Amino acid sequence: MEAAIHLRAIDWLILGIYFLFVLGMGVVLRRRIHSSEDFFLSGRSIPAWVAGLAFLSANLGAQELIGMAASGAKYGMATSHFYWVGAIPAMVFLALFMMPFYYGSRARSVPEYLRLRFDEKTRGFNALSFCAMTVLSSGISMYAMGLLLNLLLGWDFSLGIWLCAGIVLVYILLGGLTSAIYNEVVQFFLIVFGFAPLVMLGLHDVGGWSGLRAGLARVALAHGFGAGAWSESWAYLGSTALNPMGVERFGLVMGLGFVLSFGYWCTDFLTIQRAMAADSLSAARRAPLIATLPKMLFPFLVILPGMIAVALTQGAGSSAFALPNKPDGSPNFDLVIPTLLGHYFPAGLLGLGLTALIASFMSGMAGNVTAFNTVWTNDIYQPYLRPGAGDRHYLWMGRVATVGGVLLSLAAAYLAAAFNNIMDVLQLVFAFINAPLFATFLLGMFWQRANGNGAFYGLLAGTVAAALHHGMTLPAHAVVGVKGGWLAIEHHYPSEMAQNFWTAIIAWTSCFVVTIIVSLAGRPPAPGSLVGLVRSATPRIDAGAKPWWQRPEFLAALAIAAVVALNIVFF
Amino acid sequence: MNLDIRLPLGVLFSVIGVLLLGYGIASRHTPPGAPWWSNIDAWWGGALAAFGTLMLILARRRH
């Protein structure tokens with residue numbers, strides 16, 4: 001098909017340099033891989049700031065960038081809640097309260113922690129669903145990348161995904177997690193340097209912050225909302241009818257802020273693996289805290305372009321930018337970043353922006369693949385398929401699992417291209433499995449009485465409750481099926497977002513309650529077995545020699561103060 | 001001991017920065033609606049090169 005962007009020699013050169021550089025880093029790091037711990041956990045030797053940036057970057061896939069920009073255009077400043085209400089408090093909680101048990105238990109993965117704390121069946125359930133989910137999400141992201149490269153550059157769908165998957169495969173095969181982490185740090189800086197000029201040029205075009213507010217007021221009024229509905233984060237959350245997201249404060253704070261965000265940031269091995277690779281417990285605790293600073297500034301890099309694009313489309317600015325439409329005539333919000341890149345960036349900078357976009361796809365994919373190979377090898381292959389083999393064998397298996405993970409992701413990408421509905425259904429199923437997880441970890445780490453049966457049946461109950469709630473409710477304007485209502489329609493939500501938040505709240509609560517009831521009905525875990533796994537059974541760690549300004553508690557207080565200030569400024 | 005990440009960061013951004021700077025000076029592109037920063041390739045390339053150099057200096061000082 002006809003390409004939307006024409007690259008010049010300088011753009012290809014920058015892209016080519018980046019590809020070569022990434023492969024070169026894998027080659028250099030290969031000599032440092034001697035054991036399976038080197039391969040899966042970087043030999044636990046990564047400094048805190050590197051682990052922190054990788055922690056952030058592994059989550060910063062292109063779907064996140066493109067999705068957040070799209071949300072910025074669709075919902076405006078309220079999208080910042082995903083960062084300032086969602087991510088930051090959860091990252092602080094992970095660092096202060098949960099990391100001591102993940103890192104301190106010497107578990108190699110999150111599922112392994114579940115085995116140590118609860119039992120084998122809870123670990124197996126979590127490991128299997130995690131493996132399937134990483135492959136699936138990596139495949140969906142690859143599918144999105146293939147489409148985007150096809151649209152922007154006219155590349156064949158297969159060429160785009162095989163090229164990027166091939167490069168990721170090579171550098172992980174060579175350097176394992178270290179290679180993935182180092183590349184993630186580079187990708188982090190590329191994304192910042194690649195997208196920052198976009199925000200500057202767009203903001204200048206739209207007339208600065210005041211011009212943007214005026215443009216967004218026109219957008220809001222055109223959609224029948226109050227003037228500040230797109231430019232203020234809290235002021236329009238009094239009721240679901242006042243804001244384009246269709247949510248209100250309680251649903252947002254509990255559903256997104258508590259259940260979904262804590263569930264993701266505190267239990268997803270993909271990001272936690274980066275912190276577990278740190279060179280000490282203190283560094284592992286500081287890694288997520290260090291990540292909070294760039295994370296809280298990311299809305300300005302990823303959400304703001306969406307807000308700028310929608311204001312420009314509504315007639316603001318002088319450079320006649322407008323978002324392209326979908327076939328049904330509505331604006332295609334997923335193209336915010338690519339079309340802004342094509343509109344503002346001259347040759348040269350365009351190469352850098354495109355490299356940043358491809359880098360973000362790669363960092364997301366590498367995050368999934370490294371988490372997959374670790375959980376597959378340590379939590380499925382070693383305990384169930386081939387126990388008792390030597391370390392060299394598991395290192396070999398890790399490399400085989402890397403190839404397998406990439407191939408499965410590619411297969412999932414083609415599946416997504418062929419049957420969109422199957423992927424939607426699978427994603428939904430995993431959302432149900434994930435929704436209650438945080439209740440299990442919370443009780444596991446802070447309540448000695450919670451036992452294996454409680455955890456397992458709690459998780460099942462949470463998943464079933466999530467599915468039931470989804471099957472009995474429907475968002476406005478949605479068709480019965482994958483969007484909900486497939487059992488009966490008992491309730492209508494104003495938006496899909498509101499339905500998601502409430503599905504999460506109900507799943508979490510069911511898991512929490514059932515875990516407590518089943519645990520109390522059964523035998524308590526043996527007291528000696530919980531040391532290092534449960535807070536009250538573990539001696540307090542003394543941060544000791546560290547000066548006060550390097551202590552996690554101080555960094556955490558800073559992060560919370562900064563995020564409260566941001567919420568107030570953009571209220 | 002591990003490779004100091006600042007070294008590869010420094011190399012990559014210095015190379016890309018110098019390339020952009022040179023290309024910007026040679027070609028003088030102006031993006032739509034652009035003001036004093038009209039030659040964005042050049043000055044953004046300069047900024048990248050400065051960041052790359054800083055990383056290289058920091059990596060050298062550690063050793």
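## Basis of the model

Because the model is predicted, local features need pLDDT of at least 70 and side-chain atom pairs count only at pLDDT 80 or more, whereas totals for chains, interfaces and linings use all residues. Residues are numbered from 1 along each chain as its sequence is written, chains are lettered from A and ligands numbered from 1 in the order in which they are written, and side-chain values use heavy atoms, with hydrogens and water left out.

## Chain B

Chain B has two helices and zero strands, where helices (H or I, at least four residues) and strands (E, at least two) are DSSP runs numbered from the N terminus. Of its 63 residues, 48% count as buried, a term that stands for under 20% relative accessible area, with exposed meaning over 50% and partly exposed in between (1.4 Å probe, protein chains only).

The accessible surface of chain B comes to about 3,200 Å², and carbon and sulfur atoms account for 67% of that surface; accessible areas come from the Shrake-Rupley method with a 1.4 Å probe, and for residues only the protein chains shown count as cover. Among contacts in chain B (heavy atoms within 4.5 Å) between residues at least 6 apart in sequence, 64% join residues at least 24 apart.

## The interface of chains A and B

At the interface, 26 residues of chain B are in contact with 34 residues of chain A. The buried area, meaning the accessible area (1.4 Å probe) that two parts lose on being put together, summed over both, is about 2,900 Å², of which 82% comes from carbon and sulfur atoms. Two residue pairs are in polar contact between the chains, both at pLDDT 80 or more; such a contact is a pair of N or O atoms within 3.5 Å, where within protein one must be able to donate a hydrogen and the other to accept it, and residues adjacent in sequence count only if both atoms are side-chain atoms.

On the side of chain B that touches chain A, α1 (6-27) and α2 (40-62) each supply at least two residues, and α1(B) gives the most, with ten. The residues of this side divide into 21 nonpolar, three polar and two charged, with Ala, Val, Leu, Ile, Met, Phe, Trp, Tyr, Cys and Pro taken as nonpolar, Asp, Glu, Lys and Arg as charged, and the others, Gly among them, as polar.

A:Asn59 lies in the loop between α3 (48-58) and α4 (62-75) of chain A and is buried at 11% relative accessibility. Its side chain makes a polar contact with that of A:Tyr264 at 3.0 Å, and residues that A:Asn59 touches include A:Glu64 and A:Lys295.

The side chains of A:Lys295 and A:Glu64 themselves meet in a salt bridge (3.6 Å, N to O), defined as a side-chain nitrogen of Lys or Arg within 4 Å of a carboxyl oxygen of Asp or Glu. Because A:Lys295 lies in helix α12 (residues 281-313) and A:Glu64 in helix α4 of chain A, the pair ties together parts that are 231 residues apart in sequence. A:Lys295 is buried at 3% relative accessibility, as is A:Glu64 at 17%.

## Further salt bridges

A:Asp379 and A:Arg123 pair through their side chains at 2.4 Å, N to O. A:Asp379 is buried at 0% relative accessibility, and A:Arg123 is buried at 4%. A:Arg108, A:Glu112 and A:Arg115 are linked in a network of salt bridges.

Definitions and conventions. Lists of a residue's contacts leave out its neighbours within four places in sequence.
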